[in-house]
Amino acid sequence: MDYKVKLTDEQRAILEGSKGETLAKVMESLVRYGELFGATEMVPISSKFNHLVTSFGLKALGPVYELMDKLLEAGAPSGQKFTVDPKPLDKNVPSSFAQDVVFKLFMYSRQKDYEKQLADLGLLSDNAFTCTCYMDEVGNKPGFGEILSWSESSAVVYANSVLGARCNRNSGIIDLMGSVIGYVPKFGLLTDEGRKADWIVEIKTSKKPEAQLLGSAIGMKVMEDVPYVIGLDKWIGNELDDEACTYLKDFGAATASNGAVGLYHIDGLTPEAAKYGKDLIKEGAKTYVIDDAELERVYNEYPVIWKDKDAAPKLCFMGCPHMSLQQLKDWTDKVEAGLAKSGAGKVSVPTVFTAAPDVLEAFAKTPYADRLKATGVITSYICPLMYMNNPLSEKMPVITSSNKLRTYTSARYYTDDEILEQITQNRKGGRA
Amino acid sequence: MKTFQGRVVAPGRVSAEALVSHNGLNTLASFQKALQFGDKKATCGDQNNPDLYGKQMAGKALCLPQTIGSTTGGLVLYCACSMGRQPAAMLFSNPIDSLAAAGAVLADVWLEGAQSKMPVVDSLGDEFLDYVKDGMNIIIQEDGKVLVSDPF
């Protein structure tokens, strides 16, 4: 078959079967995938590690595990070690007997086998389960300009935008196939043209916008386009310090899940915006102005899909995507202060803060860990999405300040301050 | 009868009854329960999609603008095809998105047997999605031509 994608002699030979039928099919999958988006060539992956989105041994995904077995049988493990999204189960997270039965016997019955498969394919370590693999404590942090084969949407948008790496919004399995073969098709966000902004977003709010709400508003407006955001540096500064990176982590996850953003530029802050400035904006780019009223409108239009809209929350999840070390420390201070104000000893809603295993280990070495434990907050490495994604959990009134969790599950979104009020003041937060 | 010309993503010739989603299809939310609990009809489980929620997707010509949601979308479509619970075809009014493209290509390259095939055509245009209604007859040809007619 003739392809428009230009292949090297080596790539063509693989496609024609020089390394066996399985690798020929891997190459064919990637070439045909690239062809659909006008890829010009297959370029080598240059990051040290890969990151996979599929972390769960979901019974329903049996055919995927069989495909992975084919790769292993063909002697084709990942060419790179990789991290992977968070595990779906953690006994520390409150669950009912019925949930435990559904989780272990029906939904994630293949978890143990799948983790063995991941180890055989090239899992970086037993701690490598997180959606925030780019945290310093985890160590899968690509450099500027590096080519990736990732697919976890919140990690892709962070790597592209905050780190200046280059990665398309791939699907699961395509991510692994890239690192098996060592090449990815060059199109979209791998090209200079594809990284230019289709939208100018002007921030004109009277206070620092909530990261997850701002990201949601932009995601829903621009969908898969690239936004160039002006006026946000006024609120989060001109330096990519820990606080700004944490803000952008949560902001980006919301743009990627409420829309399909794979890259954003923040004027005066993110690396390409700092380097090229407004030259990154395409001619004829559309403009979206965000002020207090616009954020209010977006917040008020979120549907509440709880059966009883006034139900008392039974669980609170924070950390989708996983929290940073500094976030865990800051929230320890906030929860303590909230409880001191209300006079309560512990949080009134069972609350789970989720973070990468390596981040949790680092947190455990600080004095904050015991202080947070004393408030009643539970820490976990779990994926809140995987916990929520079943008929039993979706009936639970769960609250969160994650706009990603809100989008994909029945969890109800509140701002950080409203969440804090609900869990420490025993008062219903937010608006009616 | 009206004819629309699109681009072939996964080739095939099939005729089936139309099922229309005017919003993006959240692949994981739509298929997960069906794949998990052995529902051969692949009843759509996405409560946020009023066009499809509770309707059978397996064996239908699924007409939609694009897919949305988790980047597991491609592998979910691949699984639906492997289990024989896929739509008879997927017909996109827009150029295909990267998640659906991955699912369509993976299924076409890696799965064998007629029971797992799913022709996919994209770029059919907004007019296609305005015209087609649930229950209409759809014929998809190898060259990406899509014929839409009222039910008999």
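Figure 1. At 3% relative accessibility, A:I173 counts as buried, because the limit for a buried residue is a relative accessible area under 20%. The structure shown here and in the other views is a predicted model. A:I173 occupies the loop between α6 (153-161) and α7 (174-181) of chain A. Although A:I173 is not a glycine, its phi is positive, at about 80°.

**Figure 2. The loop of chain B that holds B:A42.** B:A42 is located between α1 (27-36) and β5 (61-64) of chain B, in the loop that joins these elements. A positive phi, near 50°, is found for B:A42, a residue other than glycine. The relative accessible area of B:A42 is 0%, and the residue is buried.

**Figure 3. Overall view of chain A.** The secondary structure of chain A consists of 18 helices and 13 strands. Its radius of gyration of 22 Å is close to the 22 Å given by the globule rule for 432 residues, so chain A is as compact as a globular protein of that length. The C-alpha trace of chain A spans about 70 × 55 × 40 Å along its principal axes. Of the 432 residues in chain A, 61% are buried. Among contacts in chain A with a separation of 6 or more, 78% are between residues 24 or more positions apart. Chain A has an accessible surface of about 16900 Å², and carbon and sulfur atoms contribute 50% of this area. The side chains of chain A include 50 positive and 58 negative ones, with the centres of the two sets 4 Å apart.

**Figure 4. The open sheet of 5 strands in chain A.** The strands follow the order β11-β10-β9-β12-β13 (chain A), and their pairing is parallel. The edges are formed by β11 (378-380) and β13 (412-413) of chain A; each has a single partner strand, so one side of each lacks a neighbour in the sheet. Strand β9 (residues 315-323) of chain A pairs with strand β10 (residues 351-355) of chain A in the parallel sense over 4 bridges. β9(A) also pairs with β12(A), again in the parallel sense, and this pairing comprises 3 bridges.

Figure 5. A:C316 has A:T351 as its bridge partner in β10(A) and stands opposite A:I399 in β12(A). A:M318 is the bridge partner of A:F353 in β10(A). A:C320 and A:P321 are joined by a cis peptide bond with an omega of about 10°. A:P321 lies within strand β9 of chain A.

**Figure 6. Helix α18 of chain A and its cover.** Helix α18 (residues 416-425) of chain A is mostly covered, with 7 of its 10 residues buried. The buried residues in α18(A) are A:E418, A:I419, A:L420, A:Q422, A:I423, A:T424 and A:Q425. The elements that cover these residues include α12 (292-300), α13 (325-342) and the strands β9, β10 and β12 (398-400) of chain A. Just after α18(A), A:N426 adopts a positive phi of about 55°.

**Figure 7. The open sheet of 4 strands in chain A.** This sheet has the strand order β7-β6-β5-β8 (chain A) and parallel pairing. At its edges stand β7 (265-266) and β8 (281-290) of chain A, each with a single partner strand, so one side of each is left without a neighbour in the sheet. Strand β5 (residues 197-203) of chain A and strand β6 (residues 227-230) of chain A are joined by 4 bridges in the parallel sense. Within this pair, A:I200 is opposite A:Y228 in β6(A).

Figure 8. A:F82 belongs to strand β3 (residues 82-84) of chain A. Its relative accessibility is 0%, and A:F82 therefore counts as buried. Leaving aside neighbours within four places in sequence, A:F82 is in contact with A:N50, A:H51, A:L52, A:L118, A:L121, A:G122, A:L123, A:L124 and A:A128. Between A:F82 and A:A355 the C-alpha to C-alpha distance is 18 Å, and the two are 273 residues apart in sequence.

Notes
Residues are numbered from 1 along each chain as its sequence is written. Chains are lettered from A and ligands numbered from 1 in the order in which they are written. Side-chain values use heavy atoms; hydrogens and water are left out. Helices (H or I, at least four residues) and strands (E, at least two) are DSSP runs, numbered from the N terminus. The radius of gyration is taken over C-alpha atoms; the globule rule is 2.2 Å times the number of residues to the power 0.38. Buried means under 20% relative accessible area, exposed over 50%, partly exposed in between (1.4 Å probe, protein chains only). Contact means heavy atoms within 4.5 Å. Accessible areas come from the Shrake-Rupley method with a 1.4 Å probe; for residues, only the protein chains shown count as cover. Lys and Arg count as positive and Asp and Glu as negative; His and the chain ends are not counted. The place of a charge is taken as NZ of Lys, CZ of Arg, CG of Asp or CD of Glu. Two strands pair if DSSP finds at least two bridges between them.
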